[in-house]
Amino acid sequence: MDDTPELHRSDPTPSGSGEISDSEPGPEKAAAATQEAARTDVPVSATGPSSPATQAKSKIDVLLKATGDAPIMKKKKWAVDPTKKIGWVIEFIRKYIKAEPSESLFLYVNQSFAPAPDIDIGTVYDCFGSDGKLVLHYCRTQAWG
């Protein structure tokens, strides 16, 4: 048995060109290459929930504005989880303004179109948010679109 220490070729070495030349690449080398590529090819902003920008801004500022004959909310700016649906916002407004179940409530983005109730707030914000907030207009009668 040979008592000499075994060097793993997948370990990065400070000397030389940084390239490792083996005649047969082993699984360690392939795993190390994959990890190295994952570290260098992915931008910092796309690393997911662990990035500082995502941790600091986990909620979306939603500005709710009354239109037409809808009652005005005392508090207009709300921090909403981006995974909530538009339908959830409609029900929230309905409860806040104490609307009757038979009353209709319309919600508009950019004073032009009504988003589908099953779309995430985060998706709408990514497409139509500006100045760090999403502006939604609500009314009891159809106003736009």
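**View 1. The side chains of histidine 137 and glutamine 111 make a polar contact in this predicted model.** The two side chains come to 3.5 Å; a polar contact is a pair of N or O atoms within 3.5 Å, where, within protein, one must be able to donate a hydrogen and the other to accept it, and residues adjacent in sequence count only if both atoms are side-chain atoms. Histidine 137 sits in strand E4 and, at 8% relative accessibility, counts as buried (buried is under 20% relative accessible area, exposed over 50%, with a 1.4 Å probe and protein chains only). Its bridge partner is tyrosine 108. Residues are numbered from 1 along each chain as its sequence is written, and side-chain values use heavy atoms, without hydrogens or water. Local features need pLDDT of at least 70 and side-chain atom pairs count only at pLDDT 80 or more, while totals for chains, interfaces and linings use all residues.

**View 2. Four strands form an open sheet in the order E2-E1-E4-E3, with mixed pairing.** Strands (E, at least two residues) and helices (H or I, at least four) are DSSP runs numbered from the N terminus, and two strands pair if DSSP finds at least two bridges between them. E2 and E3 stand at the edges with a single partner strand each, so one side of each has no neighbour in the sheet. E3 and E4 pair in the antiparallel sense over four bridges.

**View 3. Helix H3 (residues 86–96) has Ile86, Val89, Ile90, Ile93 and Arg94 as its buried residues.** Down the axis of H3 these fall within an arc of 140°, so they line one face of the helix; the arc is that of the directions from the helix axis to the C-beta atoms. Their cover includes strands E1 (60–66), E3 (106–109) and E4 (133–139), along with helix H4 (121–128). After H3 comes lysine 98, whose phi is positive, near 55°.

**View 4. Helix H4 buries Ile121, Gly122 and Val124.** Those residues fall within an arc of 160° seen down the axis of H4, so they line one face of the helix. On the other side, Asp126 and Cys127 are exposed.

View 5. Leaving aside its neighbours within four places in sequence, leucine 64 is in contact (heavy atoms within 4.5 Å) with Met73, Lys76, Trp78, Val89, Phe92, Ile93, Leu136 and Tyr138.
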